[in-house]
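Please read it alongside the sequence and the coordinates.

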Amino acid sequence: MIMNEEQMLADLGDQAFDKGKENIANAQYFTGKSYVNNLASTPTRVTNVVFEPGSINDWHIHHGMSQILLVTGGTGWYQEWGKKPQKLKKGDVVTAVDGVKHWHGASKDSYFAHIAISEANPDGWTEWLEKVVDYDELN
């Protein structure tokens with residue numbers, strides 16, 4: 001999908017941070033495009049992430065670190081393995097606990113933005129897993 005600035009503004013409203021650059025480094029772990037703007041890296045990693053409509057990441061697990069997602073605009077989804085998906089909107093906060101398999105991303109018809117906060121643990125890493133297969137049922 002081509003970035004539509006007008007739709008992005010309508011979905012996300014006035015954002016405090018720039019959307020950043022296309023997330024090419026992790027593109028293989030996403031369905032659709034996302035953008036990242038690294039705001040801080042030590043002692044805590046803080047990143048603004050913007051998902052185009054329909055863009056989600058694959059199932060993944062954070063090892064050695066938890067991640068807090070502060071939703072800043074649009075509508076999206078968060079799901080932990082074995083649990084029902086949660087619809088997210090501006091103002092929602094989600095904690096992806098260390099070792100918990102999960103995914104998150106935009107709804108099919110809206111841009112989605114969140115601030116991701118995680119410990120800058122040199123031993124922490126993300127294990128990328130399979131694609132989400134039941135996403136179409138959510139939208």
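**Notes on the predicted model**

1. Val132 is found in the segment after β12, where helices (H or I, at least four residues) and strands (E, at least two) are DSSP runs numbered from the N terminus. This is a predicted model, in which local features need pLDDT of at least 70 and side-chain atom pairs count only at pLDDT 80 or more, while totals for chains, interfaces and linings use all residues. Residues are numbered from 1 along each chain as its sequence is written, and side-chain values use heavy atoms, with hydrogens and water left out.

2. Val132 counts as buried because its relative accessibility is 13%; buried means under 20% relative accessible area, exposed over 50%, and partly exposed in between (1.4 Å probe, protein chains only). Leaving out residues up to four places away in sequence, Val132 touches Ile56, Asn57, Trp59 and Trp103, with contact meaning heavy atoms within 4.5 Å. Of these, Ile56 is 76 residues from Val132 in sequence, yet the two C-alpha atoms are 8.3 Å apart.

3. On the overall fold, the protein chain has one helix and twelve strands, and their order from the N terminus is α-β-β-β-β-β-β-β-β-β-β-β-β. For 139 residues a compact globule would have a radius of gyration near 14 Å, and the 14 Å of the protein chain agrees with this; the radius is taken over C-alpha atoms, and the globule rule is 2.2 Å times the number of residues to the power 0.38. Along the principal axes, the C-alpha atoms fill a box of roughly 40 × 35 × 25 Å. Of the 139 residues, 42% count as buried, and among contacts with a separation of 6 or more, 72% are between residues 24 or more positions apart.

4. Strand β7 (residues 67-80) deserves a point of its own. Ten of its 14 residues are buried, so β7 is largely enclosed by the rest of the structure. β7 pairs in the antiparallel sense with β11 over seven bridges, where two strands pair if DSSP finds at least two bridges between them, and in this pairing Ile68 stands opposite Ile117. β7 is also antiparallel to strand β9 (residues 93-96), over four bridges, with Val94 in β9 as the bridge partner of Leu69.

5. β7 and β10 run antiparallel and are joined by five bridges, with Tyr78 opposite His104 and Gln79 partnered by Trp103. Strand β10 (residues 102-106) has five of its five residues buried, so β10 too is largely enclosed by the rest of the structure.

6. A further antiparallel pairing, over four bridges, links β7 to strand β8 (residues 86-89), and here Thr75 stands opposite Lys89. The two strands form a hairpin with five residues between them, and Gly82 in the turn has a positive phi of about 85°.

7. Which peptide bond is cis, with omega near -5°? The bond in question runs from Thr42 to Pro43, and Pro43 has its place in the loop between β3 and β4. Most residues other than glycine have a negative phi, and most peptide bonds are trans.

8. The largest pocket has a volume of about 460 Å³. A pocket here is an open set of points on a 1 Å grid over the protein atoms alone, where a 1.4 Å probe fits, with protein on both sides within 12 Å along at least five of seven lines, and lining residues have an atom within 4 Å of a point; grid points are joined across faces, edges and corners, and the volume is the space filled by probe spheres set on the points. The lining comprises 23 residues, of which Asn26, Thr47, Val49, Gln67 and Ala116 lie nearest the centre. β4 gives the largest share of this lining, five residues. By class there are ten nonpolar, twelve polar and one charged residues, with Ala, Val, Leu, Ile, Met, Phe, Trp, Tyr, Cys and Pro counted as nonpolar, Asp, Glu, Lys and Arg as charged, and the others, Gly among them, as polar.

9. The second largest pocket has a volume of about 150 Å³, and its lining includes Glu5, Met8, Phe17 and Val50. Helix α1 (residues 5-12) contributes the largest share of that lining, four residues, and the lining divides into five nonpolar, two polar and four charged residues.
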